[in-house]
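Open the model in your viewer and keep the selection tool handy.

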Amino acid sequence: MAAATSCSLRAKRLLLEPRFEGYKLSLEPLACYRLGLADAVAEVKLRDDQYTLDHMRAFGMYNYLHLDSWSQDNVYYVDQSGRVMNLSVTLDTSLQKPREVFRLPADLTACDNRLCASIYFPSSTWVTLSDGTGRLYLIKTGKRGDSASEKWEIVFNEELGSPFIVAHSVSFVKSGTHSVAVLLLRVEKDELDTKGSGFHVTLEWVTIAEMSKEGDHQYEICRKRVLQGKSVPHYAAIEPSGDGLMILTYKPFKSIQQEEEKLVENDDAKTANEKKDPLYYWQQTEDDVTITIHIPQDITKDDIKVHFSPENICVTLKDQPPLMEGKLHSSVDHESCTWIIKENKSLEISLIKKNEGLRWPELIIGDTNGELIMDTEMSECLMHLTSEEMNPNPEKENPPCNAQELEECDAFLEDSATLCRFDGDTLQVTHVINLGSNQYLFSAVVDPREMPCFCLRHDVDALLWQPHPDQPENMWEHIATFNALGYVQASKQDKKFMACAPDYSYSALCECLRRVFIYRQPAPLSTVLYNRKEGRQVGQVAKQLVATLEANDPILGFQATNERLFVLTAKTLFLIKVNTGN
């Protein structure tokens, strides 16, 4: 099995503005239009048994407003009557009422454990839809936005088990056969998980293809693949060709089939090693790895040989076979690696990582003789190697850690996330990026023919990345920067949704209630403005605008186009004119 290629994200210097001076609050009025809904949005509130953070992320913070990226003047939502409603905008000042384009055949209220209905637009003429009860629909629509040719017709519908939401879908043609690949997300009870949340997350990758039977063309499921993880992914999308899948997540996903095979293969080995004490313990930070080995009392410094190389390590005691030997998970700066004998007769080895920020899942590839100790467990598990007392001399030195205070808005729950590409045939990880502290912010569709973009925080900025699965040398391209947005959004404690215009002209975020914040890119000034501190003329200014909606209901949906923002509450749809069309 080939190892995954470790990659990195390369920001384009020309798209960064180190001298950005901040946003100026603009009091210019924003045109805001309001449409009352005939029937309320089909909001599904979390049940008492949906109490985890994953349930909140997947379903509690769900965006009920769906933008058709193939026709950006069209948004959709599902109402309580099971109708898919569409608003098509041609002129802001003469808006029509939302119209019904499709009605779900089943009564949604009859299902007690249903989720919110979800929609995705894989092409300009196809729609994938989940009714929230576990049934998937593939619908041919004709050209959407054109009332003369638009007609929603079900070509496939099937019950696929427990309820799910549609995370992503693509439409493609291979060898003359049309297929639609759909990614279904579930949060399911895990009876084997007794120490964690008690739930796991599954991503089911379903491919529906056109089949010809006795001259009749119909769509059927031709393949199913399932991946499982312990956290809801921030981002999950199928490649346009259907050949791969990209997942950005805090905790890794693995193929269920691979895991079952691995368990069977390693069953005997696990049984043999069940009662075996680890030969060494190790822990890691973003910069280094520390290994602790208990050595016999009669061993001296001259009896120990430790050999470092950029990729390998070898430790021997006297003339015995190597205590630990093999290829390291990742490269180290071997000239900076050291080892010492502690007072308690333990050998401590320090390895300096070459790739800072990369978390190692194992120390030596394939070696099961060691044990990774998390920071919170280290003092207890290694107490017999240090002292019989938990803190024998607390006043000996200053505390080893300098608890520097961070600003409140710089803190977020997850230390590190990874971005992985999975091969469609083997479900093996082919490329991986450790994102370190680059916090995920939001995703956006810039070009519907490409994969969705994702936005990450880099220092104080927010950088937008476009995946290119067909370009191995440039698989993730930095295409836009939203100056200081990483810092600004972190200070908005009540934020619910974030978005950006497909032409990058502005970014926006909304709070749970009423307020919408818009951040325009720097634009030339019509008047002369000077920076008094630096004594220079300012050529461009970035503006912040704030809109307060006349609504008491929570915001349920939020979408951005080049010209306007769409904001959905339970009973109202708002349109905010941000830019004037060309």
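Start by selecting helix H1 (53–60) and colouring Asp54, His55, Ala58 and Phe59, which are buried (under 20% relative accessible area with a 1.4 Å probe, protein chains only; exposed is over 50% and partly exposed lies in between). Helices (H or I, at least four residues) and strands (E, at least two) are DSSP runs, numbered from the N terminus. Where on H1 do these residues sit? They share the same side of H1, because they cover an arc of only 95 degrees around the axis, the arc being that of the directions from the helix axis to the C-beta atoms. An α-helix has 3.6 residues a turn, so residues three or four places apart point the same way. Now show strands E12 (165–174), E13 (177–189) and E14: the buried residues of H1 pack against them, with contact meaning heavy atoms within 4.5 Å.

A word on the model: it is predicted, so local features need pLDDT of at least 70, side-chain atom pairs count only at pLDDT 80 or more, and totals for chains, interfaces and linings use all residues. Residues are numbered from 1 along each chain as its sequence is written, and side-chain values use heavy atoms, with hydrogens and water left out.

Next, the aromatic rings. Rings of Phe, Tyr and Trp (its six-membered ring) pair if their centres lie within 6.5 Å; planes under 30 degrees apart count as stacked, over 60 as edge-to-face and the rest as tilted. This rule gives 10 aromatic pairs. Select Tyr51 and Phe199, an edge-to-face pair at 5.6 Å centre to centre with 75 degrees between the planes. The two are 148 residues apart: Tyr51 is in the loop between strand E3 (32–36) and H1, and Phe199 is in strand E14 (residues 199–213). Tyr51 is exposed at 53% relative accessible area, while Phe199 is buried at 7%.

Move on to Tyr62 and Tyr64, edge-to-face at 5.5 Å and 90 degrees; both are buried.

For a charge over a ring (NZ of Lys or CZ of Arg within 6 Å of the ring centre and within 35 degrees of the ring normal), pick Arg225, which lies over the face of Trp205 at 3.9 Å from the ring centre.

Finish at the largest nonpolar core, of 44 residues. Such a core is a set of buried Ala, Val, Leu, Ile, Met, Phe, Trp, Tyr and Cys residues joined through side-chain atoms within 4.5 Å. Tyr64 and Leu245 are among those with the most contacts inside it.
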